[in-house]
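Morning, everyone. I have one structure to walk through, and I'll keep it brisk. Please have the viewer open.

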Amino acid sequence: MRTLSLRVNGDDVEVAAPDHWTLLEVLRYRLGLTGSKQGCDKGDCGACTVLVDGKPWLACITLAANAEKREVTTIEGLMPAHLRAGGTGPDPVQAAFDKCGALQCGFCQPGMMLSARALLDRNPCPTRPEIRDALAGNLCRCTGYTQIFEAVELAIAESLGVAPAPRSWEAQRMPPEEAQARARAAAARLRAEREKRKS
Amino acid sequence: MLRLPKFDVARPSTVSEAVALLAEGGPSAMIVAGGTDLLPNLKHELFAPDVLVSLAGIPELAGVREDADGWITIGAMTSLADLAAHPLLARKAPALAQAAGVVAGPQLRSMGTLGGNVMLDTRCQWYNQTYFWRQALGFCLKKDGTLCHVVAGGKKCVAAASNDTAPALMTLSAVLEIEGPEGRRTLPVDEFWVADGIWNKKLEPGEILVGVRLPPGRAGHRGAYGKLRDRGSIDFPLLGVAARLDLEPDGTVADADLVVTALAARPLRIQKARALLAGTRVGTPEHDRAVVEVGEKAHAQCHPLENVPGDADYRREMVPVLVRRTLAAAARGEGPVHPL
Amino acid sequence: MAARDLHGPGAPWGEGAPGDRRNRDFRVIGKPHRKVDGLAKATGAAVYADDIALPGMLHAKTLRSPHAHAKIVSIDASRALALPGVHAVITGKDMPIPYGVIPWTPDEHALALHKVRFIGDEVAAVAAVDEDTANAALKLIRVEYEPLRAHLDPFESLSATEARIHEDTKGPGNVSKHVALSFGDVDREIGAADVRIEDEYFFHGTTHTPIEPHCAVAQYSGEGLLTVWSATQITHYVQRALASVLGVPIAKIRVVQPALGGAFGGKSDPFSLEFCVAKLAMLTGRPVKMLWTREEVFYAHRGRHPMHMRYRTGARKDGRITGVDAKILIDGGAYSSFGLVTAYYAGQLLTGPYDFPSYRFDSTRVFTNKPPCGPKRGHGSVQPRFAFEVQLDQIAEKLGMDPIEIRRKNFQGENTTTVNGQRITSNGFKTCLDEVERASGWKERRGKLPRGRGLGVAGSMYISGTNYPVYPNPLPQAGIQIAIERSGRVTVFTGGNDIGQGSNSVVAYLVAEELGVEVGDVRVVAADTDLVPVDLGAYSSRVTFMVGNATIDACRKLRAQIVEAVAGAWKVDAARVRLVPGRAIDLGDEKRAVPIAEAFRIAEERFDTLGSTGSYNTPTLGGDYRGGTIGASPAYSFTAHVVEVSVDEETGRITCERCWIAHDCGRALNPMLVAGQMEGSAYMGLAEALLENHDVNRFGLHAGPSLLDYRIPTSVDTPELHALIVESVDPEGPYGAKEAGEGPLHPSIPAISNAVFDAVGIRLKHLPFTPGKVLAALREQRAAVRAPSGGVPR
């Protein structure tokens, strides 16, 4: 048994846990932060993804001891951090996942949203392929990923103040010309934004 | 959830401390780097250490630097994600950067390290399973049993080397830096491997892999990595190919190297590649013929087994395809060849 | 109340003419509202089963059989019990009463009683102070087995005479269920056809793989009340099974479904862990939790049945099908589960969206010593649909017809009866075909793409609930209670199981539309047997249809009171009062309106405390023959897919590039959620075709019980998915809605096979479509080209 000194969601906490406990077990069963999920036992599914120093790690195969002296962010930490930073309501990623229907059973999504948050923190306007790649370690069994991509894109668009492209199902329900025009406009705005950031 | 067995964790802050802890723990101590291979294996009860010596708190072990002599030194604890994104490596060791970039999935690459990937345990469908599963099987040659289920009557374990970076390092003539109770030693990565699935590395008890050094490459260095797997992420390789082409300014191959992995207990160099490719000029029919011939030689030389999941005949059939495509990508300065 | 009473001419959902079902004048329905639990899930606040921790809780683990088939000679748990920290060990003898989700086939025990039937079968359970101690105790239990011959091959098992898997199986072999039904004169109709195709198809095993593993927590109170929280999609059936097996009066059992991390049919049986935690809690007086490992979820399985199928279809020159003749061998695994229904569904659900005058099927489900199969999304009908839709393309090829055209040609139409006596009401299949044809650029591109790239189509039909409750009874299949508070808040109590599909949200949308409240002011209390009326659970795509109709039923009663009270207060005719979100308004005086809370207060003053109940039962349905009600649904959904693939002829890899999914869901109560179901279904089907394989190895051991080795697609393996929602507006569905969660899976799989044919000219008839199979078929194709008809390849 050791006393771990962890920094979780901005708080310094001391918690006693045996050495062979994973970070996930300490978060869920010692600190009561049950938002991080467990799906596969051993690093295959991504449901336990947390951010460690801003990078997505799998808490189910992280020794709790190895998280000491690092900044751990779980899904429970996003909204408070957003509020502390002067925002309102949940983190824009969380709000976008909710608005886009990306949360079906919701079980994989805490990990998914943290992977998305890590992506947007290092690259504020990624392309669809970059989003796909960044989320490729988070298995979702409900959505077929489409509404997840759309949610990340909505979060991007909202953070840039850009009108988002119509979601796939919306586009199918509006006149094709209108859908295309909206998609093109959104793509152009994002391209311009990317160029601006590059230069 | 699957639980880890009980052990203590030691967190040294220097390499010498780590070596001392390892010596103190003896055979019941193990090194853990990123833990992405070891922790699942521990949950499967493949090892039962009393002490895990974690390298996570040793800052000197992380980082990539180019030395004055043109050698590149990569600390063993450098994350695979950092390797994949490193501009110096993208230029000077593209096969390694590409291989690191297609290991497992994004989270494992941000946790996993180069040292850990080099030290990856060999893999087999009869071995990488839970204790319950292996018990129901009656265990296997590699762990707790006496029978090989891959090769009937086999006396030697044929679990597969499954580390993507290993073949890339071989094509780059990398040198491993190892520290142990006797001090520091270096070993060319080519000499590191043993064709024994139970333990396929020449790392002595008490030693730690602390870094990898890459010699300066030629001016026209090209490299690529190709990986066969069922999904575009997460999976281990069913087949991996690393290629190096050193090109003269006119595109003539001055030197070449080709290493295939995920077939047997150690990565395999395709012996005829250098001879067949050298002297051919990229973009000519002669070069293209040589590439095809290298693929055929590789096919003849490689005999995948039913060790990792995936049909062995199919994996063998893919050897020449992946070889051709990886060489083509290297010639064009592209890659990785993935998904296939 | 039957749905048709609710939605007769002039249904009060808009201003359209009587009988006008197209009316879209809704405030809530049809809009992409957020889900009622979306932000709870987004912020990590939603509580799933393993998030529950109770004071003094013990942890339980299961000992499983390492043998595929064996007699249990003895079990000695004394050393386990002696281990410090162990509180109880139970075995089959502690719960000897058998159960089964279908009451006619109770062949399972909470823990194996006399024998084990597959590797992973549950044998004993331990409750201990923590998981490590429970695991250590498992290793101390000594079980003596007498191994029996294991039947792994369904053909072998069918004729096996020794080592019966279930001793009481009737007839020869290990037959679990045999169904043979015939409609019309099949032999004559097929014999008289212009073209006939007879071929064999194989559908492999696949499993649900929800990301949340099964978990259950039990608490037993001093008063003898047993509470079980479980990751289940059938709270009511779990409650009944617990009562029966534990001998506890059903009124003393409370089953609660917390937030559920996916199910897809994989959590629709009562499972060993629910009985074990309950029994262990009763024995120890402590709360007990059991969380299965991922490996254990694979052993629990209940996934897609492997099916060996032979189909013979005849058609006229104009493409009209004359008859279909099917023979199916179903590999059931070790237990019955829903298998009786599977054997029926395998035949009964093929009789749409196409009309054929004659049909015969003969399906046999056989036990094998493998993890038990059960209902997976599209239960029983995904496999035959694959075979038939590929065969239909083979007929089109033979006739030189366009594959979409042949499907149009055979369209059965609306308001008809199928050859096996099922009533079809709304049917938007033709529109589905039109939509995928248009969106995919079919006319311009099919057959004209460069070699290696192709388009394929397939269609399907599925049930929206079934009038066959698993235990026959005349009681409501869905019940709803509503309580209205004078603040303007409405609370709905539903037994429906929200498994992620959004059924709680659907209930809230309906209430908001009906009672004039904002969606955010509707609280949904669901799936807690102490608090809600009985509902049969989330299976057979019944929830939207049945729970939705029950919700409307309850709302209408309340609305009549509210409208009457407000009309009385305003001294106007009740027809002038309309409830819109947040307000009651006077249609005759646009200036007159009251906030909805005020309307509720007026009604409460007039009628006392406001509340109502509603319920739903299907009308009498089904063919007049034994089994005729199985597969009889109050409405059927219809789907068409076009899939675009590319085939790498060097690697044999099929890449699904794009998939257009047109689905007739009746009405999209929330198009965003419907699209999510369509996309998720198509994704799951595509994965079954190309990646997944649930199988055992030569030892009967699961080939790879992990999320590493059972490969479900990642974000980079999933094609572009385009959901094309078709709304036929069903006359009996809630606001015209039908199901959307299972139907859209079916066509993905045959559409891929058909697209591969368009791309490279090979017919894939054996799933999964691995690169090795593709290369083998391409080699055969080349050999056939070298040795044209009649010749022998040299």
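Start with one residue pair: C:L579 sits opposite C:A584, which belongs to strand 23 of chain C. Before going further, a caution: this is a predicted model.

Now the strands around that pair. Strand 22 of chain C pairs with strand 23, residues 583-586, in the antiparallel sense. There are 4 bridges between these two. Zoom out to the sheet. It is open, has 3 strands and runs in the order 22-23-24 in chain C, with antiparallel pairing. Which strands stand at the edges? Strand 22 (577-580) and strand 24 (589-595) of chain C do. Each has a single partner strand, so one side of each lacks a neighbour in the sheet. From one strand to the next, the twist averages 30°.

Next, what lies across these strands. Helix 16 of chain C, residues 543-570, lies across strand 22, strand 23 and strand 24 of chain C. Its angle to strand 22 of chain C is about 125°.

On to the core. The largest nonpolar core has 434 residues. Which residues have the most contacts inside it? They are C:V126, C:V277, C:V511 and C:I752. Helix 16 of chain C comes back here: it gives this core its largest share, 13 residues. As a general point, nonpolar side chains tend to be buried together in soluble globular proteins.

Take C:I752 from that list. Leaving aside neighbours within four places in sequence, its contacts include C:V643, C:V645, C:I654, C:L686 and C:F769. C:G456, C:C656 and C:A689 are in contact with C:I752 too.

Now helix 19 of chain C, residues 748-760. Is this helix mostly covered or mostly open? Covered: 13 of the 13 residues in helix 19 of chain C are buried. A quick geometry check. At 1.5 Å a residue, its 13 residues should span 18 Å, and the end C-alpha atoms are 18 Å apart, so the two agree. After helix 19 of chain C comes C:G761, with a positive phi near 80°.

Last stop, the contact between chains. Chain C brings 48 residues and chain A brings 44 residues. On the chain C side, helix 2 (38-42), helix 18 (671-690) and strand 28 (720-726) each supply at least two residues. Helix 18 of chain C has the largest share of that side, with 9 residues. By type, the chain C side splits into 24 nonpolar, 16 polar and 8 charged residues.

That's my tour. Over to you.

Terms used. Residues numbered from 1 in each chain as written. Chains lettered and ligands numbered in written order. Predicted model: local features only at pLDDT ≥ 70, side-chain atom pairs only at ≥ 80, totals over all residues. Contact = placed C-beta atoms within 7 Å. Nonpolar A, V, L, I, M, F, W, Y, C, P; charged D, E, K, R; others polar. Pairing = 2+ DSSP bridges. Axes fitted to C-alpha atoms, helices over the stretch in contact; angles between N-to-C directions. Core = buried A, V, L, I, M, F, W, Y, C linked by C-beta atoms within 7 Å. Buried ≥ 20, exposed ≤ 12 C-beta atoms within 10 Å, placed from the backbone. Expected span 1.5 Å × (residues − 1).
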